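Here's a quick tour of a few local features. Have the structure open while you read.

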Amino acid sequence: GLAVTIIAAGLASCSKIDDPDTPDPSSGPNIGTYLWGEELYPMGADGAKTLAEMYSKTNIKTLYLLVKGTNGRVGFLANPGGEYEPDRTDRDLLQEVTTAMHDKNIKVYAWIYASEDSCYAKKFPAEACHHFRSGPHNKHIDLNSTAFSDYLARMINVIRENYKVDGIMFDHLRYNGLYFGWSDKDFKSMTTDPEIGMTLDEYNEAVRLMAATYNYPIAKNSDGRYVYNAENPEIQENIPNAIFDAAEKRNAAVLKLMKYRELTVDRISTALLSACKSIPTMYASMPEVVTAPPAATLSYGTTINDTYLFTYVSPMLYSADYGEDAEWVKKGCNFLLSHKYDCVPSLQAYRPGTTESLTVDVAAAKSTGCKNYNLFRSLTYDIARVAVPKANNINLTYFKGTNSPVGTVKIKFSDASKIQNITLGGAFSGVQYTLNGNVLTISGDNFHSIGEEGVITFELSDKISVTGVESDRIVWMDID
């Protein structure tokens, strides 16, 4: 079937769970969180220390710091060749973050947004990736460009040699959609590369199916190949999923297009992984890679395979953004686990997600055997840390994790009748609360800045559990 073709190339061979070099997922929870570096600036020079102190009191053990985003500017100052444009010259965020996090035994991965780079595209416009309709893009780079892969490899070398990072996180190491990758160079590669072996007729058939999927008008140019042409179209069809249906039917032209895109992602991934040396790596995959492989292979050039060595895969299972539920999260995790990959799913901890959606997504991921997961992203959620030091006590620490007011906090219990005494401290000191049924409601607080804590101790007559914590913010419940 088609799966034989799909599970062929594109996503590096993530290390298997039974690989002795891979950390044992059963050794305890290891939660990760993503951080946009620019959000540290408003927190001042000690922002990284503030986050490290807060995370050290939770099960967050890894932080992914964005060191190169879509604009191409970097969050570090080491720049021996002078070819990288720092985001700011007065702050070395990577140094600040690695120092602060390591002081609290929290790992730091340098998070690289690979395929988009406005700075590079501005300097080297000929290296741009071509959109089928609009041509060269102002930030998407041609993944076949060895000059660009060398540029990123040198960046990895700079990071690896000058900062004590614990790993590299690759994001957007892929095409940005099926409508990207249609330059003259792409056409030449598809029709001259012996590994692809596409004829002009097959190329045109693939273009026709892609154009029909997106309702693009096309016409043949002087070379006899179909290109975008809105002024004098020869064909304009509106057949949603035309090319994906053709892939399911093993259309020869579409399979060759898939192979070309897979090999393209393979080649740049291999080059970048070589630069990582022995540092652990994580691959952030689009959710379609694990929930709808044919679409992922065609659209992004990525899939699951056994050909190279990313240490972990983190499917971006952002259920609220995709209008999906917890079963979708389970499906994605189970797909990776069924192939024996070390799956560390990334879950949505930002709006339009909610506390409820995050809670059920975490439960869904853990139910598949994924004890470790990532939260996207820091400074978009508060944290409720629940600890049970002994049978007749529950300690709950509420951390302010966003710039927004905490507001009303509601704590739900399995059986609140067993609560004998409640003591409030920290940012909850002196505030009013009511206990109605199994819900404790705290109205008002003294939280002012990120990292502040409100502490509540519940003395119990018998063992009960905290079943939920809600506020005006998204709340991640951190329970051992």
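Contact here means heavy atoms within 4.5 Å.

## Ground rules

This is a predicted model, so local features need pLDDT of at least 70 and side-chain atom pairs count only at pLDDT 80 or more, while totals for chains, interfaces and linings use all residues. Residues are numbered from 1 along each chain as its sequence is written, and side-chain values use heavy atoms, with hydrogens and water left out.

## Arg473

Arg473 sits in the loop between β20 and β21 (474–479). Leaving out residues up to four places away in sequence, Arg473 touches Arg351, Thr355, Asp382, Thr402, Ser404, Pro405 and Val406.

Arg473 is buried without a salt bridge. Buried is under 20% relative accessible area with a 1.4 Å probe, protein chains only; a salt bridge needs a side-chain nitrogen of Lys or Arg within 4 Å of a carboxyl oxygen of Asp or Glu. The nearest side chain of opposite charge, Asp472, is 5.1 Å away.

## The four-stranded sheet

Four strands form an open antiparallel sheet in the order β17-β18-β15-β20. Strands are DSSP E runs of at least two residues, helices H or I runs of at least four, numbered from the N terminus; two strands pair if DSSP finds at least two bridges between them. β17 (432–436) and β20 (466–470) are the edges, each with a single partner strand, so one side of each has no neighbour in the sheet.

Inside, β15 (residues 409–413) and β18 (residues 439–443) pair antiparallel over four bridges. Val409 has Ile442 as its bridge partner in β18.

## Helix α2

In α2 (residues 47–56), Gly47, Ala48, Leu51, Ala52, Met54 and Tyr55 are buried. Their cover includes β1 (31–35), β2 (60–68), α3 (93–103), β13 (381–387) and β14 (393–399).

Note on methods. Buried < 20%, exposed > 50% of the residue type's maximum accessible area, 1.4 Å probe, protein only. Lys, Arg positive; Asp, Glu negative; His and termini not counted.
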